[in-house]
Amino acid sequence: MGWIMNRKLNWHLYAFFKGGVFASRKLGVKVGEGCRIYTANFGSEPWLVSIGNRVTVTSGVKFITHDGTAWLMRDDKGRRFRYAPIKVGDDVFIGVNSIVMPGVEIQNRCIVAAGSVVTKSVPSGSIVGGVPAHIIGSYREYERRALDEFPCSSDMRGTSNVEQVENVMERTPAPMMKQTGSRALEAEIFNEHY
């Protein structure tokens, strides 16, 4: 277990000096271009995690690439082990303190809400949330709303981050995700991509 702690310490040192993407690649994680990585929690097999382009992995996110309970199962052949890769596509945002389980694929243009436990693969164009995570919205719908209503980079005026945020804060509308039947939304997303 000490080697995992040592690896996390190294990740934090690399991240401090060279950034989270560099640090994650040093662990063996496959990371695409234009990413933001704020977690060191890639489990004991970080080389089984691949992350596409323009992905944000926020703080506290955990990638679990093995099923530790398999160790309990044994017979005359010995203990059992289960390892499975995790694949994250392009243009994905994984919210704070989410957990991504072994064998999950998060396809392109997806958002994982904060605190979610992703136990099954996520189809392209989905917003998922909850424990276990399920489809709660459409990436396309959220994108349309964000582009129409949210302040943009050129609106960020001021010399400090505080000034920039306060400048646009009052013009940012409160969240109003329309709740729809998840089965209907799942069918819509599925038909859109398959």
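**Close-up 1. Lining of the largest pocket in this predicted model**. Strand S9 (92-94), strand S12 (110-112) and helix H3 (139-149) each give at least two residues to the lining; helices (H or I, at least four residues) and strands (E, at least two) are DSSP runs numbered from the N terminus. H3 has the largest share, three residues. The pocket holds about 290 Å³ of space. Of its 13 lining residues, the closest to the centre are Arg54, Asp91, Val92, Phe93 and Tyr139. On a 1 Å grid over the protein atoms alone, a pocket is an open set of points where a 1.4 Å probe fits, with protein on both sides within 12 Å along at least five of seven lines; lining residues have an atom within 4 Å of a point.

**Close-up 2. Salt bridge between Arg54 and Asp91**. Their side chains meet at 2.7 Å, N to O; a salt bridge is a side-chain nitrogen of Lys or Arg within 4 Å of a carboxyl oxygen of Asp or Glu. Arg54 lies in the loop between strand S3 (49-51) and strand S4 (56-57), and Asp91 in the loop between strand S8 (86-88) and S9, so the pair ties together parts 37 residues apart in sequence.

**Close-up 3. Salt bridge between Glu143 and Arg109**. The N to O distance is 2.7 Å. Glu143 lies in helix H3 and Arg109 in the loop between strand S11 (105-106) and S12, so this pair ties together parts 34 residues apart in sequence.

Residues are numbered from 1 along each chain as its sequence is written. In this predicted model, local features need pLDDT of at least 70 and side-chain atom pairs count only at pLDDT 80 or more, while totals for chains, interfaces and linings use all residues, and side-chain values use heavy atoms, without hydrogens and water.

Note on methods: Grid points are joined across faces, edges and corners, and a volume is the space filled by probe spheres set on the points.
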